[in-house]
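The sequence and the model are shown first, and the description follows.

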Amino acid sequence: LASTPRLWWSYLSAPHRLAATAMPLSKDDVSGIETVAHYTHDEDQAYLMLYGEGVFETIPIEADYTVGDMKLWLNFHKGKDPAEYDLVGPKGCWKMGAGSEVLGDEVVISEVMGERFENKWLMQLSLFPKKKSEASGQWESTFETIEEWVPPPPEEAWDEEDDDEEKWKKDVEKSEADN
């Protein structure tokens, strides 16, 4: 019986419960979320990097924060109109090579980040620009879902030329001369 409160709390805090209980943040809530200048791992606090479209910020997040909450934060702190960009994150639940997709406003970030959130590893959502349709005048996504990605084997991903500083300097000089 003494473990009942802990079991009850773990049931309420389980990721599958968050979507049903998440409450959107208000402008007052997001006004108090400040960026961190230099991210370091923190076992007690999860952090999310928002990156793209002129934004490169890392902020603390909680288990019930949604993609819509991040759009509100971006609007309040960066003046970003949510109609003009998508937030892109892991396809399904994060795992190495999971692929990427546009995330809906109702998506709970801790649910798609899975173990990255649980272990308080740095997470990232990318801002991806939309374009305005000439025909409809509506903003349309330009992001194409990326299916599962499998990195190449090490012998194909790197060769000795990649580590040749002299060759790199010559390539830079040639590139600058061509421009």
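## Salt bridges

Lys 174 and Asp 178 are both exposed, a term for over 50% relative accessible area, with buried meaning under 20% and partly exposed in between (1.4 Å probe, protein chains only). The two residues form a salt bridge, their closest N and O atoms being 3.2 Å apart; such a bridge requires a side-chain nitrogen of Lys or Arg within 4 Å of a carboxyl oxygen of Asp or Glu. Because they stand four residues apart in helix α8 (residues 165-178), Lys 174 and Asp 178 are separated by about one helical turn.

The structure holds seven salt bridges. Another of them joins Lys 130 to Asp 86, with 3.6 Å between the closest N and O atoms. This pair links distant parts of the chain, since Lys 130 belongs to strand β5 and Asp 86 to strand β3, 44 residues apart. Asp 86 is buried, at a relative accessible area of 5%. Lys 95 and Glu 148 also meet in a salt bridge (3.7 Å, N to O).

## Basis of the model

This is a predicted model, in which local features need pLDDT of at least 70 and side-chain atom pairs count only at pLDDT 80 or more, while totals for chains, interfaces and linings use all residues. Residues are numbered from 1 along each chain as its sequence is written, and side-chain values use heavy atoms, leaving out hydrogens and water.

## Overall architecture

The protein has eight helices and six strands, taken from DSSP runs (helices: H or I, at least four residues; strands: E, at least two) and numbered from the N terminus. In order from the N terminus, the elements run α-α-α-β-β-α-β-β-α-α-β-β-α-α. Of the 179 residues, 28% count as buried.

## The nonpolar core

In soluble globular proteins, nonpolar side chains tend to be buried together. The largest nonpolar core here has 26 residues, of which Leu 48, Leu 50, Ile 61, Met 70, Leu 87, Ile 109 and Leu 125 touch the most other members. Such a core is a set of buried Ala, Val, Leu, Ile, Met, Phe, Trp, Tyr and Cys residues joined through side-chain atoms within 4.5 Å. Helix α4 gives the most to this core, with five residues.

## Aromatic pairs

There are three aromatic pairs, counted where ring centres of Phe, Tyr and Trp (its six-membered ring) lie within 6.5 Å; planes under 30 degrees apart are stacked, over 60 edge-to-face and the rest tilted. Tyr 39 and Tyr 47 make an edge-to-face pair, 5.7 Å centre to centre with 75° between the planes. Tyr 39 is partly exposed, at 26% relative accessible area, whereas Tyr 47 is buried, at 13%.

## The surroundings of Lys 120

Lys 120 lies in the loop between α6 (115-118) and β5 (123-132). Leaving aside neighbours within four places in sequence, its contacts (heavy atoms within 4.5 Å) include Tyr 39, His 41 and Asp 42. Lys 120 also lies over the face of Phe 117, 4.9 Å from the ring centre; a charge is placed over a ring when NZ of Lys or CZ of Arg is within 6 Å of the ring centre and within 35 degrees of the ring normal.

Lys 120 is buried yet has no salt bridge, and the nearest side chain of opposite charge, Glu 62, is 7.4 Å away. For charge, Lys and Arg count as positive and Asp and Glu as negative, with His and the chain ends not counted.
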